[in-house]
Amino acid sequence: MSISVKVVERPVDDVSYVRATLRGMGSTLKHLFAVNDRVTVQYPEEKSPISPRWRGTHRMLTTETGKAKCVACGLCPTVCPANCIKLVPGEDEEGNRYPLVFEIDEFRCIFCGYCQEVCPEEAIHVGRHYENSEYSREGFVYDLQRLMDQSHPVCEMWDPEDPKGE
Amino acid sequence: MTFFSGVLALLQAADPNQPPVSGTPFFLFTIVKMIVVFTVYMIGVALLTLAERKISAWIQDRHGPNRVGKGWGQPFADGLKNIMKEETMPAGVNKPLFVLAPILSFIPALTAWCVIPFGAPLPTRWGRIDMVVADMPVGFLFILALTSLSVYGIVLAGWSSNNKYALLGGLRSSAQMVSYEISMGMATIPVLLLAGNVSLNTIINQQAWGGWNVVNLTVAFFIFMVAAFAETNRLPFDLPEAESELIAGYHTEYSAMKFSLFFISEYASMVTASALMATLFFGGWDVPFTSHDNIGPYSGWLTLLSIGIFLIKVLFFLFLFMWIRWTLPRFRYDQLMSLGWKFMLPLALGYIILIAAVMLGLSAADIQPGRMYATILGSVNVAIVIILFAILDRGRIISPAYGRMHPREIERMRQVTRRAQLAAEANR
């Protein structure tokens, strides 16, 4: 195919340099003094709001007695597409199941939120939280105690009845 | 001749009664002036980097640096960082020139400042101290000579880096600076004609009596300002750096303090250019709307006041530099060259002839330099400015990419395009 160069006529009569330059300078000057229009969020001091459906690091909800709501049914490790939940079920004298080991590798997690959706006891949740830095890789494997200790708000799952979240 | 004798009279009137300092006090005061000017200059340059970042941020609706000591400590944090960073020496560089280049670009920018008068003379027990580091009779020529030298630093940096981007940046800068230097020199000739001297103090005194040159010689100021932007490699003439095309242009391979030196020298030459514009066209340290400050008796207060006035003028131009940088986009390279050679240079040459003719006419009509003289010069100037900016505004000077093409060529390209479109449709 031959080369195709689009040649556009210059609209010489509409062109202005001096006036356009001065208008541009006026525009920048207006922004220079528009103190109230500064858009930067001063991050560590002020934080921009996050969605109620934000899916961040996990949180395990507890009963009134302070125990994990988890009954070790094994649904969340089954549904987890990233295979990041490690669950070893246990049973006490009264026959109640509880997790002996419940670990989530937050590095492997893809934050899909399936674990929260599948949980019959509404025990495991993804949280509305994003400041997760750690000094070591091991710090990102959250055990049961750590998941229970988290206090940030949890994600509100998508409701088909109310798709826009109103 | 009447004009020159008039200027001579002005010079004598401007001369204070006290003789300038001499001997050992002169030596000591010069050293003190050097140290003070250098310190103020360097701190000013450091604060300018902060000002640039703040102004750019505000123009873009951001806050700018506000962490290190509310932002005020930012230049010192930057300086510390630059000293601590590794000095890279890429393989294949020409080592002596690579090290020499930042120095060569730094020193002329700094040295040019030494002939610029920054205040009214200070009377002391030992005599009159001129508020200028070196009161050279060749004043302005010295500045022109030194600012031309700064191109060597950039060209050598580009060449010795052994890097194609750096080389292109260096080449561009040499072409750009050589082109605009001519316009810059030509633009100042009307000023020198009016003052009848190249000494900067004479030029300031002439403006104190005859009105600021920006009022009488607006076109010269315009050319000088554009050329100053080109000389300092600031937007819209920052083709030697052109970060979107050449990475960082001539200082692509530089790091740490060597890079910082280029950075400092850019700001230093900005300060020098601002001071020059203030001196040549805005009356230098002359306190506006007063005349007693130029004849004396001088006092310490007057010196302080005039230094303050000069500072305000320089700061205004520095702000203008930044304001324009964050408003206008970069010129294309051929536009830059055609603007310099086809527009600025003929305009400057024509303007010299015009001003010389007007001055000759005024001298023939036996009008002494004074109010009447300035009024006539000013009204001629207004007429020229209106005509010039009307032409400039229509945009026939800065040509589009096909500007130099013959209409037949354009028609041929159109046909090629049309044929290609037809072929594409046939294939479909």
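User: How many helices and strands are there in chain A?
Analyst: Chain A has 4 helices and 5 strands.

User: Before I go on, what kind of model is it, and how are things numbered?
Analyst: It's a predicted model, where local features need pLDDT of at least 70 and side-chain atom pairs count only at pLDDT 80 or more, while totals for chains, interfaces and linings use all residues. Residues are numbered from 1 along each chain as its sequence is written, and chains are lettered from A and ligands numbered from 1 in the order in which they are written.

User: How much of chain A is buried?
Analyst: Buried residues are 20% of the 166 in chain A. A residue is buried with 20 or more other C-beta atoms within 10 Å of its own, exposed with 12 or fewer, and partly exposed in between, with C-beta atoms placed from the backbone.

User: What about contacts in chain A between residues at least 6 apart in sequence?
Analyst: Of those, 73% join residues at least 24 apart. A contact here is two C-beta atoms, placed from the backbone, within 7 Å.

User: On to the sheet. Which strands are in it?
Analyst: It's an open sheet of 3 strands in chain A, ordered β2-β3-β5, with antiparallel pairing. β2 and β5 (141–142) are at the edges with a single partner strand each, so one side of each has no neighbour in the sheet. Pairing takes at least two DSSP bridges between two strands.

User: How many bridges does each pair have?
Analyst: β2(A) and β3(A) pair over 7 bridges, and β3 (residues 97–105) pairs with β5(A) over 2 bridges. For examples, A:Glu91 stands opposite A:Arg97 in β3(A), and A:Ile104 has A:Tyr142 in β5(A) as its bridge partner.

User: What's in the hairpin of β2(A) and β3(A)?
Analyst: There are 5 residues between the strands, and A:Gly95 takes a positive phi near 85° there.

User: Where do they sit?
Analyst: A:Asn83 is in the loop between α2 and β2 (85–91) of chain A, and A:Glu122 is in the loop between α3 (114–118) and β4 (124–126). A:Asn83 is exposed, with 11 other C-beta atoms within 10 Å. A:Glu122 also counts as exposed, with 11 C-beta neighbours inside 10 Å.

User: And where's A:Gly74?
Analyst: It's in the loop between β1 (58–60) and α2 (75–79) of chain A. A:Gly74 is partly exposed because it has 13 other C-beta atoms within 10 Å. Not counting residues up to four places away in sequence, A:Gly74 touches A:Leu87 and A:Pro89. A:Pro89 is 15 residues along the chain from A:Gly74, with 7.9 Å between their C-alpha atoms.

User: Switching to chain B: how do α5 and α6 cross?
Analyst: The axes of α5 (residues 139–160) and α6 (residues 164–195) come within 7 Å and cross at roughly 170°. Axes are lines fitted to C-alpha atoms, for helices over the stretch in contact, and angles run from 0 to 180 degrees between N-to-C directions. So α5(B) and α6(B) are roughly antiparallel, the term for angles over 145 degrees.

User: Which residues meet there?
Analyst: Among them are B:Phe140, B:Leu144 and B:Trp159 from α5(B), and B:Leu171, B:Met177 and B:Glu181 from α6(B).

User: Last one: is B:Phe142 buried or partly exposed?
Analyst: B:Phe142, which is in helix α5 of chain B, is partly exposed, with 18 other C-beta atoms within 10 Å. Leaving aside neighbours within four places in sequence, B:Phe142 is in contact with B:Val115 and B:Met136.

Definitions and conventions
Angles under 35 degrees count as roughly parallel, over 145 as roughly antiparallel, 65 to 115 as roughly perpendicular and the rest as oblique.
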